[in-house]
Amino acid sequence: MRWIRRITHRFRSLLGRTKAAQELDEEIRYHIELDVKKNIDAGIAPDEARRQALLRFGSIENAKEEVRDESGVRWIEDLVNDVRFALRGLRKTPVFTAAALISLGIGIGANTAIFSVVNGVLLQPLAYSEADELFITYIAWRDFNGPLSDADFLRLSEMQDNSASFAAYNLDDFTVARQEGPEMVRGAWVTPTMFDLLGISPLVGRRFSATDEYAVVVSHGFWQTRLSGTAEVLDRSLEVNGDVYSIVGVLPPGFHLPRITESDIYMLRRVDEPPRRGPFYLRVIVRLPEGIEPARFHEHLGSVATRTKGLYPAGTDEWSYGILPLKELVVGNADRTLYLLFAAVGCVLFIAIANVTNLLLARGSARRSELALRSALGAKRSRLVRHMLTESAVLGVLGATLGVGLAWLGGEILGVAAASFLPRMDAVRLDNRVLMFALAVGLFSGIVVGVVPALSVPWKRINQDLGTTGRGGAAGSRRGAIRRVLVIAEFALALTVLLASGLLIRSLRRMQSADLGFEHEGIIAFRLSLPSDPYESPEEFDTFFATLEQRLMGVPGVSRVGYATAVPPDRLGMTNNYTVEGQEPGPRGAQPVSPWLAANQSYFGTLGIPIMQGRTFHETDRDGEPGAVVVNEAFARFHFPDETAVGKRMKSGAWDATRPWLTIVGVVGDAPYLGIRRGDHRTVYVAYRQSGRWRVPWVVVRHERDAETVIPQIRGEIVALDARVPMHDISTMEQLVRESTSAGRSLSSLFSVLAVVAVVLAATGIYGVISYHVNMRRREIAIRQALGSASVAVVGHVLKEGLGLAVFGIVLGSGGAYMLARGLRSLLYDIGPTDVTTYVGTALILTATALLACMVPSVRASRVDPVTALREE
Amino acid sequence: MSYEKADLLKGTLDLLILKTLDLEPMHGWGIAERIQLFSDDVLRVPTGSLYPALQRLLRKGLIVAEWRLTENNRRARYYRLASKGRKQLAAQAESWARSSVAVNRVLEASL
């Protein structure tokens, strides 16, 4: 400690403090000397003269202190002293300190962790330069927002306003030829200026240039794992989809396109004048630099739209271009989930604060004699309050430090868990803002925790307490009331978190045991990427699949094979708008939209989707034949509630006299394609052979043997058929179903952890308060027992008090719990926020916890030996 | 002593110090003796409380201090009224006078 003293001394002399102190010393000494001299001259003996002089002066230390008080910088000194004193005090009571720090650490840590997620996901700008200038452009048509086409992109790029710049991308899967065989790689096609637009500079090499033709830029990860990882990779070539591309650059690590977490290669695409208006698949990003006014830009967009409509007069013209800030697109609905999490950890924090407040109250009664002494020595009330608050603030800051440590430790796990339901988790880290937040929460908690005990001290009568132990009395009962209120509050908050977690768990359970409408055991699913040469030709495609089906059926254990453009529960490729004959929406009405997939005839049988009416696809449903369509029950119920859907007609896309009719030939059972939680949607299936041949189909295989043995055999068959066709996204249907509930699992796990923490903290709180209560009332209890009251009655009495508090808290907390539950509504499956069973269940759990927590002190109460208790003073 | 009385005392003490220094610059002990003379030993405060008051007046800029040698060649800190202090004194004296007139009037009226 000596070095601290040396430093503060140096600091003070720097401020001239020591010199001032010395001078004051001299001044006072001179004053007293003069007084002594005066007394001696008046004839008093020297000793008596000195004594009288000192008496007349009063307390020298007091005078010095008050002079220091008046010099204004006192508060810093006071603060430093208080902090030192506080730390010493905390060290002397390790049990109290540990309990308080653990409570605060957990509460602050949880809040810090969630805030770091809020910071990374919601607050931080996207990882592109000047990211708030970036917007995504879309086509707004009725209530449908969709991507753009080549035609749109070209017209937008030609826009008069030169300061806005556009670039486009679309995701794709690419077949990269490697020594070991073809590999399917996720990537994107990008227009030449994309990296300029986003402000990304390559780590190695360069961006696309005006003269590049067949060029590709690779991601950092791809460079490290699949290529050499050295600069020699430049100008080497990569065979993609059968063509040779030259590698011109490597991107820095951590880069990705908006909402795309995996993208290994970026292929250069130059957009040429298209032969027609569609298809619509491009995601177009626009950068609007500072100077541009949004209103003017919208005008420009309007005129471009007019131009496009003029160039392609066929089709509707009731659409327009719209822009949305890129961050909003990326973040989506994540904010709602985060606020709910934040509310839950907030509850946990307040429970922790209530606990520590109770601890301080208990400790406070023991310190009242110390406070009384200080007050008698001249300390003002404000000074003492400042002292107590500094102490609790120190506790808060220490708790915050522990909390940051806990948040850091748990950060990894939290990151992995949250990634399943939140975007941008890679931007989450413990940066300065998060640390500031932790400090602020620590100080806030510290002050709140200290205010209540500080206010509960009976300042007016404090001097009377010098020498007493401070039990009982009016102030004691005031503190007792505060303690009880705090316990009630803790239980109310604990109920809130417990209810939220309970609802999520039950929702998850229901999701996991729901009848999904298709088989999920014994089915393997994978995707194939057929290269355009030769599979662009429908005959080649059909031949391939016919042969594949035959060969796969020949693999031992395989019983059925089917393919489609999507698989349940959530691997949907496309939605489409359509119109049912006789239910055309008027000129202003919106068209219905539903999941839309192309399937072959054996798809339904392989997945076990039952046929309810009519038939599924036949051989006869192929190009040139009348369009056949199969719908699911939800579709039939929606559009034809009172009659059969079979035989009805509809059209795909916009209502257009020239488009072909599709006839509904059958109705199948419901199966989810948008995730289990979204429930059943109207779904339309078209025959694969009548809908163009999408070359990246999902293949499903029903098997009786182990997946591990069957998959390599399937792979062998495919390679034997055509070695250039990679098999990817291999998994079993069980895995897919499990993955689709992973978000629900993670979220309910998080809430459950919080609920357990909340309940444990609340239980600790009530245990502490009831224990203290029992201790305080030992004499009363002893008297009761001496008068013949049975132990059981004593136990019962104490339990009743404790339970009363808990139950009151539970009842009071129901309102708040309901509010949080309501917020969860969109995350719940098949269960509502007012589910009575869950309420009752959680109330029972909490009550039982309270019972358990009060057991120990109440049993101890009954064991109080009346004789010793009564003898105590 | 309760807090209200302390504040009243502070104000009175400050005024007395200023008044004392109006006559001539003085060191701490001298001011204490002079105040005693003025107030006829009425103010029974420990003389030590003079020093915080002096510090307060220093900080407010109403008085200034400098170290000087006394007659017996000792170092002492002498306090002097600043112009701001002189103005303050005049203002305070006036308000005192006014309130004492009012008090007198009340007393006369009730006698």
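This is a predicted model: local features need pLDDT of at least 70, side-chain atom pairs count only at pLDDT 80 or more; totals for chains, interfaces and linings use all residues.
Me: Fine. Which residues of α6(A) meet α14(A), and which do they meet there?
Reply: From α6(A), the residues are A:L104, A:I108, A:N111, A:T112, A:F115, A:S116 and A:N119. On the α14(A) side they meet A:R433, A:V434, A:F437, A:A438, A:V441, A:G442 and A:S445. By class, the residues of this contact comprise 7 nonpolar, 6 polar and 1 charged.

Me: At what angle do those two helices pack?
Reply: Helix α6 (residues 94-123) and helix α14 (residues 432-456), both of chain A, pack at about 145°. Their axes are 9 Å apart.

Me: And is the crossing left-handed or right-handed?
Reply: α6(A) passes α14(A) in a right-handed crossing.

Me: Changing topic: how is chain A divided into domains?
Reply: The domain assignment gives domain 1 (143-317), domain 2 (476-514 + 742-873) and domain 3 (530-725). The C-alpha centres of domain 1 and domain 3 of chain A lie 30 Å apart.

Me: What about the largest nonpolar core?
Reply: The largest nonpolar core has 161 residues, and A:V348 and A:A758 have the most contacts inside it. Helix α15 (residues 473-513) of chain A gives the most to this core, namely 17 residues.

Me: Why is that core said to lie between domain 2 and domain 3 of chain A?
Reply: It lies between them because domain 2 (476-514 + 742-873) and domain 3 (530-725) of chain A both give residues to it.

Me: What does A:A758 touch, leaving aside its neighbours within four places in sequence?
Reply: A:A758 is in contact with A:C347, A:V348, A:I351, A:L493, A:A494, A:V497 and A:L498.

Me: Now A:L761. Buried or exposed?
Reply: A:L761 is buried, because 25 other C-beta atoms lie within 10 Å, and the cut-off for a buried residue is 20 or more. A:L761 belongs to helix α22 (residues 742-776) of chain A. Not counting residues up to four places away in sequence, A:L761 touches A:S103, A:I351, A:A352 and A:N355.

Me: Last one, the contact between the chains: how many residues does each chain give?
Reply: Chain A gives 20 residues and chain B gives 15 residues. On the side of chain A that touches chain B, the elements giving two or more residues are α2 (17-41), α3 (46-57) and α4 (60-70). That side of chain A has 7 nonpolar, 6 polar and 7 charged residues.

How values were computed. Residues are numbered from 1 along each chain as its sequence is written. Chains are lettered from A and ligands numbered from 1 in the order in which they are written. Axes are lines fitted to C-alpha atoms, for helices over the stretch in contact, and angles run from 0 to 180 degrees between N-to-C directions. Helices (H or I, at least four residues) and strands (E, at least two) are DSSP runs, numbered from the N terminus. A crossing is left-handed if the near helix is turned anticlockwise from the far one by less than a right angle, and right-handed if clockwise. Two residues are in contact if their C-beta atoms, placed from the backbone, lie within 7 Å. Ala, Val, Leu, Ile, Met, Phe, Trp, Tyr, Cys and Pro count as nonpolar, Asp, Glu, Lys and Arg as charged, and the others, Gly among them, as polar. Domain bounds come from an automatic or database domain assignment. A nonpolar core is a set of buried Ala, Val, Leu, Ile, Met, Phe, Trp, Tyr and Cys residues joined through C-beta atoms within 7 Å. A residue is buried if 20 or more other C-beta atoms lie within 10 Å of its own, exposed if 12 or fewer, and partly exposed in between; C-beta atoms are placed from the backbone.
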